[in-house]
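Have a go at each task before you read its solution.

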Amino acid sequence: MILSDFGERFRAYSGITHLMDDLSEGLAQPGVVMLGGGNPAAIPEVKALFDRVIAELHASGRLIDTLSNYDGPQGKTGFLETLADFLRRQYGWNISSKNIALTHGSQSSFFILFNSFAGKAGSLQKRVLIPLVPEYIGYSDVGIEDGLITSQEARIRVLEDGFFKYQVDFEHLQVDQSVGLICVSRPTNPSGNVLTDAECQQLDQIARRHDVPLLIDSAYGTPFPNIIFNEVNPFWNDNCIVCMSLSKLGLPGARSGIVIANEEVIRYFSNMTAITSLAPAGLGADIVSQLIADGVLLNLCNDLIKPFYQRRSELAVSLIKQAVDDPRLHIHKPEGSMFLWLWFEELGITTSELYQRLKHKGLLVVPGKYFFPGQSAATAHAESCIRMNFVQSEDELAKGIELLAQELRACW
Ligand SMILES: Cc1ncc(COP(=O)(O)O)c(C=O)c1O
């Protein structure tokens, strides 16, 4: 197969492909404890609610209308208005439907946005700046040019009780005219870190000073699914691009993402959607429209989804602390998302090797090195960390943590 330069970039086996392969391989093998992937938990009450809404959409004929028509490239007009109204009421954001575009999931939003704001621009080579790594594995390979991403390693603040927290290292953050976009996820996958309001404000000021947008990936954030365990404020202004997704609400198969930005960005984005895929899918939009109309969207997030993940994160932490009583284990303070990020000092092997050993024993986690987009080589810290999810059943979680503890004891 002879490919163009563009094609060659996507021939390589990337971190995200590795993760998705392990996920489907693990799912297919009975007995494997799957603490690797990012699929949302199957929360029975949430599934039942989606079931009911889909049955209503079917009964009213809206489902078949949606499936038998193309929407416009910006997405379903009715949903754009409903969502703009919801966000205005909820947060007082000064937005209209002209500030929102739907996409085929956030991952495809990043592909468009990263390559639109970074890459070759006349005589300049623009880059996406990730001001804090570890960051989302899915950013690493979306660039159609080499070296699209640059990043800054986080500062580590050691907390009590074996916890730590990452912070943006503003002192060393280098922002120059080569930066075309600044991107953060809030909460952060993999660490469960949630940038503070002050960090967001400071990043916003830096972005404005350099006349580049600040992309906030809110896949786990507010207002939905709101998997955030501490009090922070949502952040948006006309220099921000907030990317939301229906995946972690429980609908990853609907492939629905939402981009909120100023009108110029949204017009551009819709144009790009028309060219690359004609129109976004409408099913997810229909479901969320109905949840907003029924007044149950926020209750779903605040009374079911967020408490579920918060309980699970507390359980995972207590299981790990019981199984691994060792000061060389550090746990990133779980502030949101569906992952625990563990840092092992003096392990004697890299976590890439640990990953292989655990896989052999029937436990899938993700080695830390994949979560450092924009770094030229895996650092010692990257190779001392792993990410594990806490979406599986309590029994699976306990089984997985026991397997991990056994291997850690063997290494130490
Ligand atoms: C931080 C983050 N952003 C975006 C995504 C992708 O979301 P989507 O399913 O909408 O493409 C994920 C998926 O795991 C994620 O963890």
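Two strands count as paired if DSSP finds at least two bridges between them. Keep in mind that this is a predicted model.

**Exercise 1.** Work out the strand order of the open six-stranded sheet, then find its edges.

*Solution.* Step one: follow the pairings across, and you get S6-S7-S12-S13-S16-S15, with mixed pairing. Step two: look for strands that pair on one side only, which gives S6 (155-158) and S15 (366-367). Step three: zoom in on the S15 end, where S15 runs antiparallel to S16 (residues 385-389) over two bridges. Proline 367 has isoleucine 386 of S16 as its bridge partner. Step four: check what covers this end; helix H11 (residues 351-360) lies across S15 and S16, at about 40° to S16.

**Exercise 2.** Describe how H10 packs against H12, and what kinds of residues make the contact.

*Solution.* Start with the geometry: H10 (residues 297-323) and H12 (residues 394-411) pack at about 35°, their axes 10 Å apart. The crossing is right-handed. Next, list the contact: H10 brings Leu315, Ala316, Leu319, Ile320 and Ala323, while H12 brings Glu394, Leu397, Ala398, Ile401, Glu402 and Ala405. Finally, sort these by class: nine are nonpolar, two are charged and none is polar.

**Exercise 3.** Which residues come nearest to the ligand, and how does its shell divide by class?

*Solution.* First, pick out the nearest of the 14 residues around the ligand: Gly105, Gln107, Ala219, Ser245 and Ser247. Then sort the whole shell, and you find 10 polar, three nonpolar and one charged.

Definitions and conventions:
Residues numbered from 1 in each chain as written. Predicted model: local features only at pLDDT ≥ 70, side-chain atom pairs only at ≥ 80, totals over all residues. Near = placed C-beta within 6 Å. Nonpolar A, V, L, I, M, F, W, Y, C, P; charged D, E, K, R; others polar. Axes fitted to C-alpha atoms, helices over the stretch in contact; angles between N-to-C directions. Helix = DSSP H or I, 4+ residues; strand = E, 2+ residues; numbered from the N terminus. Left-handed = near helix turned anticlockwise from the far one by under 90°. Contact = placed C-beta atoms within 7 Å.
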